[in-house]
Amino acid sequence: MFTGGKSFLACASVLLALAAQTSAHAIPNPALGVKGTPARSDVQRPSTAKPCGTIDPATTLDTSTAIPAAADGTVTMSVTNFNAGADGSTSVSVSVDASGKGTAFVAGTVSKNGNPAPTAVETDKVTFSLPAGTKCTGGAAGNLCLVSVKTTAGFGACTVVSQGAGKN
């Protein structure tokens, strides 16, 4: 009887840990392939193999809302978490693909980051710089970059940055 109780508690603990891990979500806004305000279900798990998670940049780059880069290459975006604590971190790292294809990312520099362990659901402003010399060449207008945004907890998504007016 006692062994079965221990087993039950061990299984319950593992399930609770896994549930907590899968409910940890944060996402940049706007997000690649998302119309309007992103929801918890839009959160991705960016990785080296899939920097935008399951969203295909080729079919969503031109139809996604872009954040304009300032003349000095800085970009300010919003990052929203969907739960409190370290799992809901809005502290991010960014990688930039100037071609917009999602195949050649270079690290950007975050100068103002979000909260690493928010006490509530919140939206933080994050400022980063495109890598020096970056010229966004993606999309039909030839002025879009793809940015992979990943929180310290491993969640995020891609966002699109526009630079200048593009092709005329």
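Does T151 count as buried or exposed, and at what relative accessibility? T151 counts as buried because its relative accessibility is 5%; the cut-offs are under 20% relative accessible area for buried, over 50% for exposed and partly exposed in between, with a 1.4 Å probe and protein chains only. The model is predicted: local features need pLDDT of at least 70, side-chain atom pairs count only at pLDDT 80 or more, and totals for chains, interfaces and linings use all residues. Residues are numbered from 1 along each chain as its sequence is written, and side-chain values use heavy atoms, with hydrogens and water left out.

**View 1. Overview of the chain.** Two helices and nine strands make up the secondary structure of the chain. These are DSSP runs numbered from the N terminus (helices: H or I, at least four residues; strands: E, at least two). Along the sequence the order is α-β-α-β-β-β-β-β-β-β-β. The chain has 168 residues, and 42% of them are buried. Of the contacts (heavy atoms within 4.5 Å) with a separation of 6 or more, 68% join residues 24 or more positions apart.

**View 2. T151 and its neighbours.** T151 belongs to strand 8. Leaving aside residues up to four places away in sequence, T151 touches A26, S89, S91 and V92.

**View 3. The largest nonpolar core.** This core holds 17 residues. A nonpolar core is a set of buried Ala, Val, Leu, Ile, Met, Phe, Trp, Tyr and Cys residues joined through side-chain atoms within 4.5 Å. M77 and F128 have the most contacts inside the largest core. At least two core residues come from each of strand 3 (74-81), strand 4 (92-97), strand 7 (123-129) and strand 8 (144-151). Beyond four places in sequence, the residues that M77 touches include P28, I67, V92, V94, F128 and V149. D124, K125, V126 and T159 are also among them.

**View 4. R45 over F155.** The charged end of R45 sits over the ring of F155, 4.0 Å from the ring centre. The rule asks for NZ of Lys or CZ of Arg within 6 Å of the ring centre and within 35 degrees of the ring normal.

**View 5. Lining of the largest pocket.** P46, S47, T48, P51, S93, V94, S95, F105, S148 and K150 form the lining. Strand 4 and strand 8 are the elements that give two or more residues to this lining. Strand 4 supplies the largest share, three residues. A pocket is an open set of points on a 1 Å grid over the protein atoms alone, where a 1.4 Å probe fits, with protein on both sides within 12 Å along at least five of seven lines; lining residues have an atom within 4 Å of a point.
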